[in-house]
Amino acid sequence: MPDEQMAAAGSAGGSAPVPPGAKAAPPVPPAPSGPPPGPGAAAPVPPRPLDPIDRSILRLLQADGRASIRSVAEQVHVSRANAYARINRLIDDGVIQGFTARVNHERAGQGASAYITLKIVQNSWRTVREKLRELPGAAHIALVSGDFDVLLLVHTPDNRTLRELVLTRLQSIPEVLSTRTLLVFEETDLLDPGPVGGPALTPLTEEQP
């Protein structure tokens, strides 16, 4: 009888008889159900849902990352302690990943902007992504579906620099099969710095989120 059938018969028929003079084997504990947990594995924590106040706080901080706790609390109509606790929770939960400046690229000497679409070799996204990160002026990278694979936003000082970036840097990446450049003539930031249920954001104070 194969080992698997012997094990099944033993478990189905109960304990086998013990020969005279032999000691009974200790009972075998039942095997745990489900796959064994990996070393150091922890159950993923589901994201906590955001309420309207959380979303208002996010919009305010996206419009002005230097807004004070007092300003945020006044505009979303909660106490300063509540606003402080909510911002810290959003940071701890990974919703807020950092505070940054909104840049006028033209005034910063980057007068040419373009969206560039790329077709890449299959299963080369991670390699391409790391190479695109190194490009000067790269502002946004996305893996997308459709007629192309990657969407890249770049800001450069002028069209000549943009042309060099596309023809020399991008097209020299082995995993890039083809590119298409869409010049940006005008852009509008949809993050409105105006009021959200209250007065406009106040300038920077000594209290920081």
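In the predicted model, the protein chain has a mean pLDDT of 78, with 70% of its residues reaching 70 or more. Confidence falls below 50 over residues 1-18, a stretch that makes three contacts in the model beyond near neighbours in sequence. Residues 193-209 likewise have a pLDDT below 50, but this stretch has 35 contacts in the model beyond near neighbours in sequence. Where pLDDT is low, the predicted coordinates should not be read in detail.

An open sheet is formed by four strands in the order β2-β3-β1-β4, with antiparallel pairing. The edge positions are taken by β2 (138-143) and β4 (176-183), each of which pairs on one side only. On average, neighbouring strands of the sheet are turned by 20° against each other, direction ignored. The antiparallel strands β1 and β4 are joined by seven bridges, and K119 stands opposite S178 in β4.

Two helices are placed against these strands. Helix α5 lies across β1, β2 and β3 and runs at about 170° to β2, whereas α6 lies across β1, β3 and β4 and runs at about 15° to β1.

The largest nonpolar core comprises 17 residues, of which I116, L118, L132, L152 and L170 touch the most other members. At least two residues of this core come from each of β1 (112-120), α5 (125-133), β3 (150-156) and α6 (159-170). Beyond its neighbours within four places in sequence, L118 contacts L132, F148, D149, V150, L152, L170, V176, S178 and T179. Another core, of 14 residues, lies apart from the largest one and includes I57, L60, V72 and L90.

Conventions: Residues are numbered from 1 along each chain as its sequence is written. This is a predicted model: local features need pLDDT of at least 70, side-chain atom pairs count only at pLDDT 80 or more; totals for chains, interfaces and linings use all residues. Side-chain values use heavy atoms; hydrogens and water are left out. pLDDT is the predictor's confidence in each residue, from 0 to 100. Contact means heavy atoms within 4.5 Å. A nonpolar core is a set of buried Ala, Val, Leu, Ile, Met, Phe, Trp, Tyr and Cys residues joined through side-chain atoms within 4.5 Å. Buried means under 20% relative accessible area, exposed over 50%, partly exposed in between (1.4 Å probe, protein chains only). Two strands pair if DSSP finds at least two bridges between them. Axes are lines fitted to C-alpha atoms, for helices over the stretch in contact, and angles run from 0 to 180 degrees between N-to-C directions.
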